[in-house]
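Visitor: Hi, could you walk me through this one with me? I'd like to start with the aromatic side chains.
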Amino acid sequence: MQTQCNAEQLQFSCVGRRRVVAAFDGGQVTSDAGALLLMRTDRAIGLIDRLARCFIDQRSQTDIEHSVRTLVAQRVLGIAAGYEDLNDHDALRADPLWAAVIGKLEAKRAQCAPLAGKSTLNRLELSVAERTTRYHKIGHQPEALERLFVDLFLEAHPKAPRQIVLDLDATDDPLHGTQEGRFFHGYYDAYCYLPLYVFCGRHLLVAKLRRSDIDASSGAREELERLIAQIRARWPRVRIILRADSGFAREELMLWCEQNAVDYVFGLARNERLERRLSAALREAEEKAARTGRPARVFREFRYATLKSWSRRRRVVGKAEHIADKANPRFIVTSLSREQWQPKPLYEQLYCARGEMENRIKEAQLELFADRTSSHTFRANQLRLWLASFAYVLIEALRRLGLRATTFTVATAGSIRLKLLKIGAVVSLSVRRVKLAMSSAHPHQREFIAAFHALGAAAR
């Protein structure tokens, strides 16, 4: 007979006349009960099953314990719930809540846990692109993974929109080791990668890892060519506008847009020629600021071409701004006509709205760990970026489908995780069910229940 040990009781300071005591005797308790919403979100959009089909599994299926679907689900749902490291899964692999969320309550072998640990998950991340080898029996298909981002975006719109705006941006992914392909970037003053992101509103369409010894726009045309072809195959009449900072105002990209009926509005780095064209407007702004005592803006537009790199003259809008006794000229270049967009709203309403994309990148990289590119190989780090990006897609689907009628409709991934996913619950297992008794004092019960019903309706 096995001896049942009593848990040690820990006594803390008293509250009034009552002692505060604690012991690890609560039974099976989880702190991630809200991850059930992630499982329900996945069923609404079909992410995990389709993501698993982007991998090639040449292992003997009769001899394995953990399918590719299980591995992919653990990684993506774990990242969404805040577990960015593979080491975390050594503790989670026996958690009945996570077994229920992943959909694998029991192991085939008595000596195994239902879910995979860090070593097995590591084999997934080290998979070889588009093939398998003797020592890497799992491979992945990059093109299928890239297409899946766009498929999920298209499916999120029951009807084709009249117009979409695609935001492009490059950012730094700091490196602290000797990863393959690392270079020192002068602007960011660090060794880093330079990933390229493309968003449409809150939808993530492209997450491309790149070395940092390149121009910010390098490879953007090829990515957009693939992306826009896929979008137009479903929505042939949609109008597309590209929006980006001055790092993308390059002849190759602008000419491709003009040849393929894609509009653009890009920032334009200032120079002496541009500032001379705006000098009268800058004086006007300075006089207005002096007269009113407040910052002043004056807009001008003109046709402009560089001395060598541009093949044609293009429409440029200049913002002559005077703030705190200092001139602040800014410029944008666009294919949009004056009849479509006047200079002031073009700059203030259309172009400046691209700042929201920076919040989305911060959410993906900081709150969903897309910057955890600590593997040695560039290939493995690209796969890590994709897995973290699919975790962003999952959280965005939860926000869009489940939380749109709640106070969390524009909440960040970190807020959603803290307030809706990190819920304490006692887990009870029986022959017929897995029951989670969640805290009766949880402050966001109404939003959780609303998300449950909304996601159920979306899945039908």
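Visitor: Is Tyr-191 buried, partly exposed or exposed?
Guide: Tyr-191 has a relative accessible area of 36%, so it is partly exposed; buried means under 20%, exposed over 50% and partly exposed in between, with a 1.4 Å probe and protein chains only. Bear in mind that this is a predicted model, where local features need pLDDT of at least 70, side-chain atom pairs count only at pLDDT 80 or more, and totals for chains, interfaces and linings use all residues. Residues are numbered from 1 along each chain as its sequence is written, and side-chain values use heavy atoms, with hydrogens and water left out.

Visitor: What lies over the face of Tyr-191?
Guide: That's Arg-182, at 3.9 Å from the ring centre. A charge sits over a ring if NZ of Lys or CZ of Arg is within 6 Å of the ring centre and within 35 degrees of the ring normal. The charged end of Arg-40 is also placed over a ring, that of Phe-452, 3.7 Å from its centre.

Visitor: How many aromatic pairs are there in the whole structure?
Guide: The search finds 12. Rings of Phe, Tyr and Trp (its six-membered ring) pair if their centres lie within 6.5 Å; planes under 30 degrees apart are stacked, over 60 edge-to-face and the rest tilted. Phe-184 and Tyr-191 are edge-to-face, because their planes are at 75 degrees, with the centres 5.4 Å apart. Phe-184 is partly exposed, at 44% relative accessibility.

Visitor: And how are the rings of Phe-299 and Tyr-347 arranged?
Guide: They are tilted, since the planes are at 50 degrees; the centres are 5.8 Å apart. This pair links distant parts of the chain, 48 residues apart: Phe-299 is in strand 15 (residues 296–304) and Tyr-347 in helix 12 (residues 343–351). Helices (H or I, at least four residues) and strands (E, at least two) are DSSP runs numbered from the N terminus. Phe-299 is buried at 14%, and Tyr-347 is buried at 6%.

Visitor: Switching topic: which residues touch the most other members of the largest nonpolar core?
Guide: Leu-38, Phe-55, Val-76 and Trp-98, out of 79 residues. Such a core is a set of buried Ala, Val, Leu, Ile, Met, Phe, Trp, Tyr and Cys residues joined through side-chain atoms within 4.5 Å. Helix 14 (residues 378–402) gives the largest share, 15 residues.
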